[in-house]
Amino acid sequence: MQRTRVAPEASRMPSPLRRIAAAMVVRDRTTGTRSGRTRRRLRILLRQTPLMLLLGLFVVTGLVAAAFYVSDRPTTLRIAVGPPGSEDAKLVQAISQQFARDRGATVRLTPVVKEGPGAAARALQAREVELAVVRRDVAFPASGQAVVVMHDNVAVLVVPAEGSIAAGGKPAAAVAPAATDKPKRGAKARKTQPPKAPPEPQKIDSIEGLAGHRIGLVGPGMGDREVLEAILRQYQVPIDKVTVVPLDPRDVVTSLRNNPVDAVLALGPVASPQVAGAIAASSNGRTGPTFLEIGASEAIAARSPVYEEAELKAGVFGGQTPQPPETVETISFKHYVVARRSVPEDTVADLTRQLFAVRQPLSSEFPIAARIEKPDTDRDAAVPAHPGAAAYIDDDQKTFFDRYSDFIYLGVMAVSGVGSGLAWLASHLRADSRDRHRRLIERLLALLKSAHAAQNLDDLARLDQEIDDILARVLLPGDKAPLDHGSLTAYALALDQVRMAIAERRTELGGDAARTGTPAAPAAEPTGTAVTRLRIATSDADGT
């Protein structure tokens, strides 16, 4: 038998064991076997602790970025307002258009026109909308919280001046001198009685004097008659003792021209068209109407908390002569923009800020826009303010970290816990790999003993096949983590020893076979770091 030493360059070539492993991988891919592949890949992925931590960081960063993107998108809220064509509906439409033009607006509005404030309140209560413009004295929704005071409505009760449109447009009757015939010359003059002047109509100078008269009523709509009834009830004037004449708020002057009245009750903001129209129709160009003072406004507000005390400042309506000539006491009620409790605080705070910001741009076209004011933010307020509106008005808005500090703290703890869990899992898998390597090396040592004790070449072939199986389990990609230097050295040493033992034992068995005349199987001997298999030729009896 002749041994062949391998050149140093050959040691850098792939070893036969690696070629066998590569061939097994190819055969596995060609057969399409997938048993355990997913599990092996998952094990490899979980062993890469830095990679998993980096992946988790990317996922958290992506979630935070997505949350910021969603939070920065404008929020669209539906707002119910009515009746159609009213000043409130026009103003809400103008506000929604202004919000749409403002690129920095974080809240957008979608108007939903209803029949009136009562219908808007019911829509809010039924969760059809998130916002509503409602009257304090008409079906105020239980789930509504004030965002802003849309405007304050005052009750203006006047008696039209004589000759005004509201009074019928007839000037005061003048008493003409009686016509007398000149007595004939020489005739005795006769005494004549002047004609009697028609009785002057009873002048109304107080609310008690309204009984038996016609009262024109104009206002925002539903609930106007209840205001008149509250005033007359306080002064003990039965409602059936007066004739209520509804007036068209869109054209008060024409309504009064067609239906003259003895008094007019106008409800709305001081600068509203219906109040201004009632005052103009009640003036005759020289003198203005007589303002009836509601001196019991405090008592009315105590009896009906939906109303409040108010004053009409002297000269607030202008004119050639200031109207009214002096301050007049009256009552008022408010229109609110209310939101459901479920609307987020930061959304309502942004809405409140935007509503106050549009007052000035819209006041030239809509004077009542300047009447938008803040609600009462006290805890015991009759109409509770929404927490978001109260935070903005009281300058108590929470910052990003104030609102989400708990979530950030819990998120950090969760990420830390997940990272610790991944690290433990990776360490556990590494420990499992170390135990597996130890068992494989113990098996190789057992094979070493079995190689020395093998009785025939078939046993050695089985040992050789088992070594190849162990090598495949060590070298196949996707089965376990990359071998470290210590494990690789241990495997190399164990494999070399087992291979050498098998080769020596095969040589011994081959020699025995030669002596007995049985053909021997080829044997391999280790040479340095590589093993080269040699064919052993035996001569027959003829010497060939």
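This note comments on the predicted model of a single chain, point by point.

1. Basis of the model. The structure is predicted, so local features are reported at pLDDT of at least 70 and side-chain atom pairs at pLDDT 80 or more, whereas totals for chains, interfaces and linings use all residues. Residues are numbered from 1 along each chain as its sequence is written, and side-chain values use heavy atoms, with hydrogens and water left out.

2. Confidence. The mean pLDDT (the predictor's confidence in each residue, from 0 to 100) is 79 for the chain, and 72% of the residues score at least 70. Residues 1-35 stay under 50, and the model gives this stretch 28 contacts beyond four places in sequence; a contact means heavy atoms within 4.5 Å. Residues 171-182 are likewise below 50, with six contacts beyond near neighbours in sequence.

3. Overall make-up. The chain contains 15 helices and 12 strands; these are DSSP runs, with helices being H or I of at least four residues and strands E of at least two, numbered from the N terminus. Of its 544 residues, 37% count as buried. Buried means under 20% relative accessible area, exposed means over 50%, and partly exposed lies in between (1.4 Å probe, protein chains only). Among contacts with a separation of 6 or more, 73% come from residues 24 or more positions apart.

4. Helix α8. In this helix, residues 273-281, the buried positions are Gln274, Val275, Gly277, Ala278, Ile279 and Ala281. They pack against the strands β4 (144-159), β5 (214-218), β7 (263-268) and β8 (290-291), and against helix α7 (252-258).

5. Aromatic pairs. The structure holds three aromatic pairs. Rings of Phe, Tyr and Trp (its six-membered ring) pair if their centres lie within 6.5 Å; planes under 30 degrees apart count as stacked, over 60 as edge-to-face and the rest as tilted. One of the pairs joins Phe140 and Tyr336 edge-to-face, at 6.1 Å centre to centre and 85° between the planes. Phe140 lies in the loop between β3 (131-135) and β4, and Tyr336 in strand β10 (residues 328-340), so this pair ties together parts that are 196 residues apart in sequence. Phe140 is partly exposed, at 23% relative accessibility, while Tyr336 is buried, at 7%.

6. A stacked pair. Phe291 and Phe317 are stacked, with 6.0 Å centre to centre and 10° between the planes. Because Phe291 belongs to strand β8 and Phe317 to the loop between β9 (308-312) and β10, the pair ties together parts 26 residues apart in sequence. Both Phe291 and Phe317 are buried.

7. A charge over a ring. The charged end of Arg136 sits over the ring of Phe140, 5.7 Å from its centre. The criterion is NZ of Lys or CZ of Arg within 6 Å of the ring centre and within 35 degrees of the ring normal.

8. Cavities. Three cavities of 30 Å³ or more are found in the whole structure. A cavity is a set of points, on a 1 Å grid over the protein atoms alone, where a 1.4 Å probe fits but cannot get out; lining residues have an atom within 4 Å of a point. The largest cavity holds about 50 Å³ of space, the volume being that filled by probe spheres set on the points, which are joined across faces, edges and corners. Its lining consists of Ile79, Val92, Ile95, Leu109, Leu131, Met150, Val337, Leu351 and Leu355. Helices α4 (87-101) and α10 (345-357) are the elements that give two or more residues to this lining.

Methods
On a 1 Å grid over the protein atoms alone, a cavity is a set of points where a 1.4 Å probe fits but cannot get out, and a pocket is an open set with protein on both sides within 12 Å along at least five of seven lines; lining residues have an atom within 4 Å of a point.
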